[in-house]
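Look at the model first, then read on.

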Amino acid sequence: MTDLDQLTQSLARNLKRWRNERGFTLDALAARAGVSRGMIIQIEQARTNPSVGTTVKLADALGVSITTLLDYEQGPRVTVVPPEQAVRMWSTEAGSYTALLVGTEADGPLEMWGWRLMPGDGSASDPHPSGTVELIHVTAGELTLEIGGEKHTVPAGTSAAFEANTPHTYRNEGEVPVEMTMAVSVPPAR
C-alpha cells in the first residue's frame, strides 16, 4: 500500500468516525463545510483523495485538526513525529510544499506546519472559522503575506500573527526559497 493509499484510507475512516461522533448527517456536514454531499461520500468510501482546501474545510466544519482527521489514534501524551512521517499536504513541481509537522486536540485543534515556497510560488487559503489564529516564523527568504487584500512583508527572522477568518495568501515574490514554520489554532466546534 502506498503512502497515498494509506492517507486515503485513513481519511475515509476518520471522516466517517468524526462525522458520526459529531452527529452530523452527510447533508449537515456538506452544508457546514461547503463541500458537496457527493464529495463527502467519495472521501468516506476512499474513492478520492481530496484537495488540501477540501480537507481543511472538512476539518474546520468538524472542529478537529487535520492531524486528527488523517490519523485518529493519538496514542500517548507525547507524540514524536520523525521528519519522514510529516504529512505533505501540498506541493508544486518547482519544489514548494507544506508539511503538517505535528498537531493536538488540546482546547481545540492546534497544528504546526513546515513550509517551503520556491521563488514565484504561492498558496491561497479560504477563510477559517472565526477565532482561528495563525502564527508564522520565517527562517529563510522573504514571505509576502496577503490578508484581506492587504500585503505584509515578513523577512527571515521575523514572525507574524493574524486571525485567519478572511481569505489569505502566502507568496514568495523574491529570488530565494522561503522557509517558515506556522502554527494554527482552531477554536473547538460548538
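## Terms and model

Helices (H or I, at least four residues) and strands (E, at least two) are DSSP runs, numbered from the N terminus. The model is predicted, so local features need pLDDT of at least 70 and side-chain atom pairs count only at pLDDT 80 or more, while totals for chains, interfaces and linings use all residues. Residues are numbered from 1 along each chain as its sequence is written, and side-chain values use heavy atoms, with hydrogens and water left out.

## Helix α2 against α4

Helix α2 (residues 26-33) packs on helix α4 (residues 52-62) at about 110 degrees, with the axes 8 Å apart. Axes are lines fitted to C-alpha atoms, for helices over the stretch in contact; angles run from 0 to 180 degrees between N-to-C directions. α2 is therefore roughly perpendicular to α4. Angles under 35 degrees count as roughly parallel, over 145 as roughly antiparallel, 65 to 115 as roughly perpendicular and the rest as oblique.

From α2, Leu-29, Arg-32 and Ala-33 meet Lys-57, Leu-58, Ala-61 and Leu-62 of α4. Contact means heavy atoms within 4.5 Å. The α2 and α4 contact has five nonpolar, no polar and two charged residues. Here Ala, Val, Leu, Ile, Met, Phe, Trp, Tyr, Cys and Pro count as nonpolar, Asp, Glu, Lys and Arg as charged, and the others, Gly among them, as polar.

## Helix α3 and its partners

α2 also packs on helix α3 (residues 37-44), at about 110 degrees with the axes 9 Å apart. That makes α2 roughly perpendicular to α3. Leu-26, Asp-27, Leu-29 and Ala-30 of α2 meet Arg-37, Ile-40, Ile-41 and Glu-44 of α3. By class, that contact has five nonpolar, no polar and three charged residues.

Helix α1 (residues 3-22) packs on α3 at about 120 degrees, with the axes 7 Å apart. α1 is therefore oblique to α3. α1 brings Leu-11, Ala-12, Leu-15, Lys-16 and Arg-19; α3 brings Ile-40, Ile-43 and Glu-44.

## The second largest pocket

The second largest pocket holds about 430 Å³ of space. A pocket is an open set of points on a 1 Å grid over the protein atoms alone, where a 1.4 Å probe fits, with protein on both sides within 12 Å along at least five of seven lines; lining residues have an atom within 4 Å of a point. Grid points are joined across faces, edges and corners, and the volume is the space filled by probe spheres set on the points.

Of the 26 lining residues, Val-52, Val-56, Ala-124, Ser-125 and His-128 are the closest to the centre. α4 gives the most to this lining, with six residues. The lining divides into 14 nonpolar, seven polar and five charged residues.
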